[in-house]
Amino acid sequence: QTSGQTMAQIQWTRAYAPAASVPQSYQFASGALSLGDYLLVLEARLTDAGGQQVWTVIAQEAIALADLSPPEVHLVRPAAGALLPADFPVEADVSDLYSSIDIVDLLLDQQPPAAMASGPAPRYAAQLSGIADGLHGIRVRARDSTGHERTEPSTARAITVDGTAPQITIAGIADGQLSNQPLVAMVTVTDEHPASTEVLLDGSV
């Protein structure tokens, strides 16, 4: 790095004829390095006029280690195919190995993005309210401080909202009706996603 500290080095041994050039490739693992400016230095151990072997700088090149990857995004909840009320939370885990997170947006259908609030890392959350009944698609978009963006899942996660209470109709009897004959009540429950139904008489099943 430009601080003068050697962060990594590679050595190899090769014999070169005078004026010869042989390509030599090498790689440095950058995962543990901080972003910033670095200096690549090529040195060779040569024999000087006195017959001593000395390290001599052949070439050097200034480089910048930059973040080229977008954040990692994982939509935690709701689960795919979930049946939800009109008000429900959305949570996602967002992280970046090198850069800070600038913004995390919740994308619902074609609506404008809604900012998600940061919680204990790497969690982000938002609360949706008053969502219309029916099928919807959810995605999360994150951008880091270097401007790289990622949206996940690539195909919107499908969820279904049912915020409408069941419709109940009762036939065969009337409110306050008196009868000296047996009565049969016909109860009809209508709902897009029925779960369970109980008919109570004086508070008991």
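**Note on salt bridges and a nonpolar patch**

1. Arg 141 is partly exposed, with a relative accessibility of 25%. In this predicted model, the side chain of Arg 141 meets that of Asp 105 in a salt bridge, 3.2 Å from N to O. Arg 141 belongs to strand S10 (residues 134–144) and Asp 105 to strand S6 (residues 101–108), so the contact ties together parts 36 residues apart in sequence. Asp 105 has a relative accessibility of 10% and counts as buried, because the cut-off for buried is under 20%.

2. Six salt bridges turn up in a search of the whole structure. One of them pairs Glu 72 with Arg 150 at 3.7 Å, N to O. Glu 72 is in strand S3 (residues 72–77) and Arg 150 in strand S11 (residues 149–161), so this pair ties together parts 78 residues apart in sequence. Arg 150 is partly exposed, at 24% relative accessible area.

3. Arg 77 and Glu 91 form a salt bridge in which the closest N and O atoms are 3.6 Å apart. The two residues are 14 apart, with Glu 91 in strand S5 (residues 88–95) and Arg 77 in strand S3, and they link distant parts of the chain. Glu 91 counts as buried at 18% relative accessibility, whereas Arg 77 is partly exposed at 36%.

4. Ile 10, Trp 12, Tyr 16, Val 22, Tyr 26, Phe 28, Leu 42, Leu 46 and Ile 58 make a nonpolar surface patch of about 790 Å². Ile 10 sits in the segment before strand S1 (36–47). The relative accessibility of Ile 10 is 39%, so this residue counts as partly exposed.

Conventions: Residues are numbered from 1 along each chain as its sequence is written. This is a predicted model: local features need pLDDT of at least 70, side-chain atom pairs count only at pLDDT 80 or more; totals for chains, interfaces and linings use all residues. Side-chain values use heavy atoms; hydrogens and water are left out. Patches are made of residues with over 30% relative accessible area and no salt bridge: like charges are joined within 9 Å, nonpolar side chains (Val, Leu, Ile, Met, Phe, Trp, Tyr) within 5 Å. Accessible areas come from the Shrake-Rupley method with a 1.4 Å probe; for residues, only the protein chains shown count as cover. A salt bridge is a side-chain nitrogen of Lys or Arg within 4 Å of a carboxyl oxygen of Asp or Glu. Helices (H or I, at least four residues) and strands (E, at least two) are DSSP runs, numbered from the N terminus. Buried means under 20% relative accessible area, exposed over 50%, partly exposed in between (1.4 Å probe, protein chains only).
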